[in-house]
Amino acid sequence: MISQSLKFAALTGVAAGALLAMRPALAQDAPVVDAVPVANAAPAGDEEVVVTGSRARGRTAVNTPVPVDVISAGDIARAGALGGEFGQALQNLVPSFNFPRQSNSGSADLVRPAQLRGLSPDQVLVLVNGKRRHTTSITTVESKTGRGTAPVDFNAIPSGAIKRIEVLRDGAGAQYGSDAIAGVINVILDDAPEGIEVNGSYGIHTTHFDPTGADLTDGETWVLQGEIGVPLGIEGAYLRAGIEYRDRAPTRRGGFDEVPFFEDPANIPLVGGQVNFAPGDGGSEDLNLWFNAAAPVGDGIEAYAFGTYGQRNAEGTGFFRYPVSSANILSVYPLGYRPVTTGDNEDYAATAGLRGEAGAWTWDTSLNYGHNRFEAGVRNSLNPSLGPTSPRTFFTGAYEVELFTANLDVTRTFDVGLAEPATFAFGAEYRNEGFRSEAGEPASYAAGPFVGLAVGAQAGGGLRPEETRDISRDVLSAYAELSLQLSETLLLDVAGRYEDYSDFGDTLAGKAALRWEFAEGLALRASISNSYRAPSLVQVGYGTSSLSFGPGGILQSVQTLQVDDPLARALGAPDLEAESAVNYSAGFTAALGDAFRFSIDGYRIDVQDRITLSERVDAATLPPALQALFAARNITAANFFTNAVDTETTGVDVVATYRFDEVLDGVLNVSGAVSYAETEITAIRNFPGVTVIGVEEANTVEDASPKSKIILTLDWTDQTWSLLGRLTRYGEAKRVFNFGGGFEPEQTYGAEFQFDLEVGYQASENVNLYAGASNLFDAYPDRSNGDIFYFGNFPYDVLSPIGMNGRYLYAGVRTSW
């Protein structure tokens, strides 16, 4: 990988050059140079310009040829998100976005994956101010949603930093490159040049938990946010910066333990009938910093820079270890123990660049660096094979990703004799991506002298030195885009992109999108494109161990192997290949007057060579030669990444809004949104003698996430009061297990309704008070059946986005000067 010092030196050089160029202008009384027009400036009227989906200027969400949702800072502030989480806010506001709260899911308890249009979390591209965002350094191997993916950590982006969000619901590989199969989420940072904001909130869960009959109060959450805008002394120069702190206490939603039949009966009088497991949210503490700055530095040239820094200390929950078992030593934990997984997550990114005009051309060049490091551990644990002197706390490994990007974008308008000038854009980009892992401490994976007891730190078997990786790749790309207003009513966008990977070869993507306004305010739109996604280096180099339900429903350790691991090769694992996708979409839009907006868009996304985590491969089902390889490494089951499936996703998105003026001396906005997405596996390529995609992984791809979501919102405001009510319906989800011997229990969890309410009061020009409830009526998903609830310990599944925490009450204050 390119060294961090070199990357930061390059960024620092650009920023320093901008500052040096600014100094004379700041120090002199010379005539002020006009700032370059900001690309995301709002036009006259109520419609806001969007910058995602096309490089042509002046487009709004109403007249784009592809669907783009625009979410304002006010929408996010009033989303009723738990703890003000950015990802949770998107879950509440965007119907095609799914962000479930995982539990007992390893790293997914700490870094939560999200979906767009029912596809994998790593099949959506995330931008910040139009620049590619780096991903997390870990992959979720124990979760259901996002299993085997390394997505962007949405909660590492502070919600208070956001001016607006643009969600492009269409394939965009031809415009933005790898990962943009389901769409693009572009986070536009706050650029207000003046003003101070200080916000604080407190929230807590108050719920009746039917499985135990308890009235619970937990999950206390404090959020503090502050930001300031500083003019830099010349027109158009500003620095906006802020801080966000969040402290969330854990929740606990375990049922009464019936003690599994395969555990020693001696455990029943010791721990039977009590709450031993702790599904729910783990505790976390987050600190996020951000800045966004720009200043004119010459004739038609503007320097800009922005960045984020995040530090999260979080905990998840492991499975309870029974007192009398091979996973325990009675002299250490007489009543058993529940390990607590820990994660120290550091995430930062910085971008510096110049943009300006040269004659009829506008240009933008920048350097971008992103980095994520995740240090994994476990406490309240044990390596039983080491005996009574085993440590109780372990460092189990560390993972890092880096992304360095240098790019150039150039745009020009031409008069070609059509209704409006044509817009032509082209550009080039260089990316360096890197991944490396570090071994855990020896005690976390060592096989000690106490034969017959479990090996490795419980709930966090450490990464061995031979399983670590240090890999990188270079990517070169070039694109071109043309936008033609063929007539007053007909718009055509075409784009193409070429990318060359140092490890996966090259690829070519194209896109065409058309919009026809056949009557005033009424239009049809359609697009066709192909996209691609190279395997993330995390998927190539990640290794870990985890717990999974094995034969008979018994918990067993599963080793996730890199595809180049000799054991994975022995099972038939080939090198990973890039995914390829073809997107088709067609829709209708209506914009009648200033009050009514409506859109409906249908789509189909075909993905070939989709990357998934394989089914659990049990050693006992393999030939003796392979069993010996498993035994030599104390492994009873394994899985690995593979391109073994092709999928087809079909769906429809509907969005409607209407604004009523003069309702009780205020304004009432009514909106409704519906999203439906269904994914089917169209091909499975299992290996000879090895089932890599079976019922469990097919369930992960096809049925584990709700296919539908409906959101109805009423939002009323006047000069003093505001009232927001939101009703959300989450569709059904399905869980399937394979316990071996043909026993494949399953359950379909029915649709659930959640109602959110928030009341605001403008106490003064500078102070706004608010209070609200998320899931006001304390709704829960269906109870899991007797085959799935793991002997009473997991009364609710994590699949439903409504979660298992129940009602959440909150109140806060927003101040601005």
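1. Does Arg633 count as buried, partly exposed or exposed? With a relative accessibility of 25%, Arg633 is partly exposed, because buried would require under 20%. Please keep in mind that this is a predicted model.

2. Arg633 has a salt-bridge partner in Glu467, with 3.8 Å between the closest N and O atoms. Arg633 sits in the loop between α8 (624-632) and β26 (637-663), and Glu467 in the loop between β16 (422-439) and β17 (470-485), so the bridge ties together parts 166 residues apart in sequence. Glu467, at 4% relative accessibility, counts as buried.

3. Glu302 and Arg355 form another salt bridge, at 2.6 Å from N to O. This pair links distant parts of the chain: Glu302 belongs to strand β12 (residues 301-317) and Arg355 to strand β13 (residues 340-358), 53 residues apart. Glu302 is buried, at 2% relative accessible area, whereas Arg355 is partly exposed, at 22%.

4. I would also look at Arg533 and Asp122, whose closest N and O atoms are 3.4 Å apart in a salt bridge. Here Arg533 comes from strand β20 (residues 522-533) and Asp122 from the loop between β3 (115-116) and β4 (124-128), a link between distant parts of the chain, 411 residues apart. Both Arg533 and Asp122 are buried.

5. Finally, a network: salt bridges link Glu429, Arg431, Glu433, Arg473, Arg497, Glu499 and Asp503. The count of salt bridges in the model comes to 56.

Note on methods: Residues are numbered from 1 along each chain as its sequence is written. This is a predicted model: local features need pLDDT of at least 70, side-chain atom pairs count only at pLDDT 80 or more; totals for chains, interfaces and linings use all residues. Side-chain values use heavy atoms; hydrogens and water are left out. A salt bridge is a side-chain nitrogen of Lys or Arg within 4 Å of a carboxyl oxygen of Asp or Glu. Helices (H or I, at least four residues) and strands (E, at least two) are DSSP runs, numbered from the N terminus. Buried means under 20% relative accessible area, exposed over 50%, partly exposed in between (1.4 Å probe, protein chains only).
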